[in-house]
Amino acid sequence: MGIFLLKRTGVMLFTALCLTFVVFFLTNLEPNLEKLTKSEGNMRMTDVQVQSWLEKNGYRQPLLKRYGEWLGVMPGWQRTDEETGKITGRCTRYANKETGDIPSYCGLIQGHWGRSLVFKEEIRGIIAEKLGHTGKLMLAVMLVMVPIALIIGIIAGMREGSKTDRTLSTFSILTTSTPEYVSGVILIVVFASKLGGLRWFKGTSATAMDNVTFENFTLPVVTLALYGLGYIARMMRASMAEVMTEQYIRTARLKGMSFSGVVFKHALRNALIAPFTVIMLQIPYLLTGVVIVETLFNFKGFGWTLVAAVGNNDIELLLACSVVAVFVVLITQLISDIGYVFLNPRIRVS
Amino acid sequence: MERLGAADIFTSILGQFMPVWIGLVVILALSALFRSKLGLYGRLFSSPIGLVGLTLVLFWVLTALFADIIITMDPLSQVSGMKNKKPGWPVTGMEGSYYLLGGDNLARDVFSRMVMGSRIVLAIAPAATLFAFMVGITLGLPAGFYGGKLDTALSFLANLVLAFPVILLFFLLVTPEIRSTGVPLILAGILFLFPIIFFVLLFWSRFQEQPGKLMVLLAITLVLGLWAYSGLAFNADPLGVFYMDPNLLNIFVSVVFVNSPTVFRIVRGLVIDIKTRDYVAAAQTRGEKPWYIMLWEVLPNARGPLIVDFCLRIGYTTILLGTLGFFGLGVTPESPDWGMTINEGRKFLAVYPHPALPPALALMSLVLGLNLLADGLREESLKD
């Protein structure tokens with residue numbers, strides 16, 4: 001188990017390195033840098049001025065060196081102006097306030113995530129705040145989605161092929177066919193517009209960051225939960241249906257145990273192993289949904305920040321968001337792998 | 001002129017779809033008649049879920065085919081005075097024509113845009129899925145069959161792409177800026193090679209003993225393949241038949257790139273399972289070459305799950321294209337792409353819901369049809 005854990009973590013870290021490098025490369029493409037220069041300097045800069053600005057600000061070093069600096073494993077660049085003697089560099093911003101010492105390393109590992117162009121704040125603070133908002137959303141979604149999905153799956157898989165099973169399965173297919181931007185639009189029209197006439201909820205969650213109410217939080221949560229719900233329910237159904245055909249279930253039934261007793265005491269425990277993995281792996285998919293839903297409902301969380309960073313060519317912020325996203329995906333994969341082994345004694349022993 | 005009532009709108013729309021209804025009836029009646037000879041497709045007619053799915057999919061395919069006849073107005077032209085008008089509103093200055101589902105924020109006809117949007121989706125999604133399958137199959141077969149270092153390397157690459165959040169990949173890959181760096185061209189150059197490799201291997205492994213036939217087939221594959229390849233990937237087709245708009249190429253490549261690792265994993269898993277069967281051992285004893293076994297023994301026996309996944313994946317690709325459109329990364333800014341129309345309509349959703357709703361429902365019904373079809377196919381193929 002220990003070696004397995006170590007190996008998986010190693011692979012995960014290596015994957016993270018590769019992925020962050022790809023993101024670093026794609027966000028630091030030449031056109032993006034030029035756009036950045038013009039928004040930092042001024043819009044009417046000539047090509048020569050752009051090049052000299054990039055040169056002066058350390059963007060013309062080899063890509064690997066810059067990646068190393070950003071990661072915090074290579075010393076940040078420094079330049080002393082020959083006329084004024086003023087030192088500029090990647091790490092001057094993090095100089096010690098009392099001594100004036102400039103740290104030689106300042107990157108992701110040291111906790112220096114850079115500064116956002118759009119929000120004019122330290123990125124670490126922004127990410128922490130926005131992740132908090134999104135965390136609330138995700139928690140609510142999980143609390144709604146997982147129990148409902150499991151119950152639907154159990155009821156459908158309990159008696160495979162029955163009318164209840166067919167109805168519930170069709171419902172599951174319907175929800176997986178409705179991406180968030182479709183169900184969100186339909187829900188807003190039905191529950192929050194003049195046409196629908198119900199106006200139970202608000203079509204925007206712009207106030208939900210500080211003050212979650214039933215009115216402004218229901219629609220985004222339901223929109224997000226619906227899309228993932230069908231998939232988990234189908235997995236649960238398949239797992240349940242498979243367990244119900246096992247020999248020990250028949251034995252339990254034949255010895256006179258009641259149907260509900262069989263379901264709760266024998267089937268459920270074994271049927272819950274497979275959906276666990278699926279639920280964990282659903283989190284990366286939720287990430288796409290989060291970006292869509294936060295944009296649609298104007299909920300200023302992590303997904304909304306990602307869109308803002310892309311829209312404004314905020315390279316450092318986009319990089320930080322990407323790192324967080326990549327790590328969320330990799331860690332959920334790791335947990336699901338470990339959990340699967342842990343929950344399933346047959347794999348654990350061999 | 002009076003505004004049309006709900007019943008009139010409904011009958012007018014039904015009437016506009018007349019070619020689709022006729023096509024549906026003809027196709028379904030003919031298929032039902034010859035169902036016993038049509039294999040897996042014919043057996044769909046005994047599964048109600050599969051039949052509903054098939055009907056929905058056929059409906060949209062026929063709509064895309066007959067879109068020119070179905071539309072009532074030009075999907076791109078803006079008529080003054082029709083901005084955000086309600087469904088059934090008479091068109092100003094045109095006697096007897098109506099905006100059946102109202103006008104959007106730029107005074108264009110919502111109904112015609114929705115109908116035309118089906119063309120874009122049905123042109124890109126199946127083709128992109130097919131390319132993803134070609135890539136996934138060509139790499140997944142050897143990975144599963146040989147195992148070892150090749151498998152480890154390819155699986156690592158696949159997992160790398162899969163660990164990338166899809167939405168992030170789209171934001172990074174589908175931007176106007178990236179075109180000038182040539183990244184999409186490199187990706188296209190690599191990904192579009194796989195169909196050619198696949199067919200060359202397919203024919204080469206089978207007809208090695210018949211050089212005459214092999215030469216003809218290889219020549220056809222290479223001429224057609226490289227001709228299309230030069231046009232699609234590099235826009236360098238000497239005859240100008242194959243051409244892809246740079247932005248479309250960008251989207252197409254990204255969608256193929258996102259889908260192929262999943263196909264790779266499915267194919268690899270299937271191959272690992274199938275290669276232990278007796279008929280593979282028999283082929284090996286006969287002295288067949290590995291590629292012959294992979295392409296002509298293993299692959300045909302993996303077709304059931306692959307067909308099911310193909311249907312599901314077209315639906316997923318449709319959703320992905322919609323997502324791209326939703327973030328304003330669609331084919332062209334003016335195009336009636338469903339995702340983009342939803343995106344434009346959502347800004348005024350609380351006041352004017354009618355522009356966003358039709359494309360949303362259209363997209364949902366197409367994906368639902370594909371998913372139901374996949375479910376029906378799975379059920380029927382499991383009965384063997």
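**View 1. Contact between α5(A) and α12(A) in the predicted model**. Residues A:Ile126, A:Lys130, A:Leu131 and A:Thr134 of α5(A) meet A:Phe302, A:Gly303 and A:Thr305 of α12(A) (contact: C-beta atoms, placed from the backbone, within 7 Å). This contact has three nonpolar, three polar and one charged residues (nonpolar: Ala, Val, Leu, Ile, Met, Phe, Trp, Tyr, Cys and Pro; charged: Asp, Glu, Lys and Arg; polar: the others, Gly among them). Local features need pLDDT of at least 70, side-chain atom pairs count only at pLDDT 80 or more, and totals for chains, interfaces and linings use all residues. Residues are numbered from 1 along each chain as its sequence is written, and chains are lettered from A in the order in which they are written.

**View 2. Packing of α6(A) on α8(A)**. Helix α6 (residues 163-176) and helix α8 (residues 214-244), both of chain A, have axes 7 Å apart at an angle of about 140° (axes: lines fitted to C-alpha atoms over the stretch in contact; angles: 0 to 180 degrees between N-to-C directions). Among the residues in contact are A:Ser169 and A:Ile173 of α6(A) and A:Leu226, A:Tyr227 and A:Arg237 of α8(A). By class, six residues are nonpolar, five polar and two charged.

**View 3. The side of chain A that touches chain B**. The contact takes 41 residues from chain A and 36 residues from chain B. Elements giving two or more residues to the chain A side include α1 (2-27), α7 (180-192) and α13 (315-343) (helices: DSSP runs of H or I, at least four residues, numbered from the N terminus). The largest share, seven residues, comes from α7(A). The chain A side has 27 nonpolar, 12 polar and two charged residues.

How values were computed
Contact = placed C-beta atoms within 7 Å.
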